[in-house]
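Me: I'd like to learn how to read the packing in a protein model. Can you walk me through it?

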Amino acid sequence: GVAPSNGFSRLFVSSDPYATCNDGSPAAYYISSSETRNASLWFIYLEGGGWCWDEATCAERWLNKPNLMSSNQWPETEEPQGIFLSPYLENATKVWIKYCSSDAYAGDIGADAASTFGWSFRGKRIVGFNKLFKDSFHDSFAP
């Protein structure tokens, strides 16, 4: 379900089994919905976090920033700050798409490819908005 107030609930992208983080764990996003929300007002935030491009940079990234390559340690709920607290977004449904693909949301290649050093780069599938909306918003989102 959707968390009340400022709490954001984690939802895994279930509509596409290939929407995965670098380590193959399922991609996820966090969503919060206002009790008095405007059904047509949505704020979607794509988290950033750089990338890796070869075996050495991916190994270093895994060592130093594993939460940017895996969803395994992401909590069930989050309390985002910053722009999420803007009064202009008070009645909006807010979506925070977590970054874990290290490819600027542009890749679509699996860990089995020789060129990926054992990592998946599936950012393009993570931000497949039609599929994201299909996961949990289809009742309130009119295409």
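Reply: We'll go through the disulfides, the aromatic pairs and the nonpolar cores. Keep in mind that this is a predicted model.

Me: Let's start with the disulfides. How many are there in the whole structure?

Reply: The search turns up two disulfides. Counting bonded cysteines along the chain, their pattern is 1-4, 2-3.

Me: Which residue is joined to Cys 21, and what does the link tie together?

Reply: Cys 21 is joined to Cys 100, with 2.1 Å from S to S. Cys 21 lies in the loop between strand 1 and strand 2, and Cys 100 in the loop between strand 5 and helix 2 (123-126), so the link ties together parts 79 residues apart in sequence. The angle about the S-S bond is -75°, making this link left-handed.

Me: Is Cys 21 buried or exposed?

Reply: Buried means under 20% relative accessible area. Cys 21 has 0% relative accessibility, so it counts as buried. Cys 100 also counts as buried, at 0%.

Me: And what about Cys 52 and Cys 58?

Reply: A disulfide joins them, again with 2.1 Å from S to S. This link is right-handed, with 80° about the S-S bond. Both Cys 52 and Cys 58 are buried.

Me: Now the rings. How many aromatic pairs are there?

Reply: There are seven aromatic pairs in the whole structure. One of them is Phe 8 with Phe 84, 5.2 Å centre to centre. To read the geometry, look at the angle between the planes: over 60 degrees counts as edge-to-face. Here the angle is 80°, and the pair is edge-to-face.

Me: What about a charge over a ring?

Reply: Look at Lys 98: its charged end sits over the ring of Trp 74, 5.2 Å from the ring centre.

Me: Last one: how do I read the nonpolar cores?

Reply: In soluble globular proteins, nonpolar side chains tend to be buried together. Here the largest nonpolar core has 24 residues, and those with the most contacts inside it are Trp 74, Val 95, Ile 97, Tyr 105 and Ile 126. Strand 2 (28-32) supplies the largest share, four residues. Another core, of five residues, lies apart from it, including Cys 52, Met 69, Trp 119 and Phe 121.

How values were computed. Residues numbered from 1 in each chain as written. Predicted model: local features only at pLDDT ≥ 70, side-chain atom pairs only at ≥ 80, totals over all residues. Heavy atoms only, no water. Phe/Tyr/Trp six-rings, centres within 6.5 Å; stacked < 30°, edge-to-face > 60°. Lys NZ or Arg CZ within 6 Å of the ring centre and 35° of its normal. Core = buried A, V, L, I, M, F, W, Y, C linked by side-chain atoms within 4.5 Å. Buried < 20%, exposed > 50% of the residue type's maximum accessible area, 1.4 Å probe, protein only. Helix = DSSP H or I, 4+ residues; strand = E, 2+ residues; numbered from the N terminus. Disulfide = S-S within 2.5 Å.
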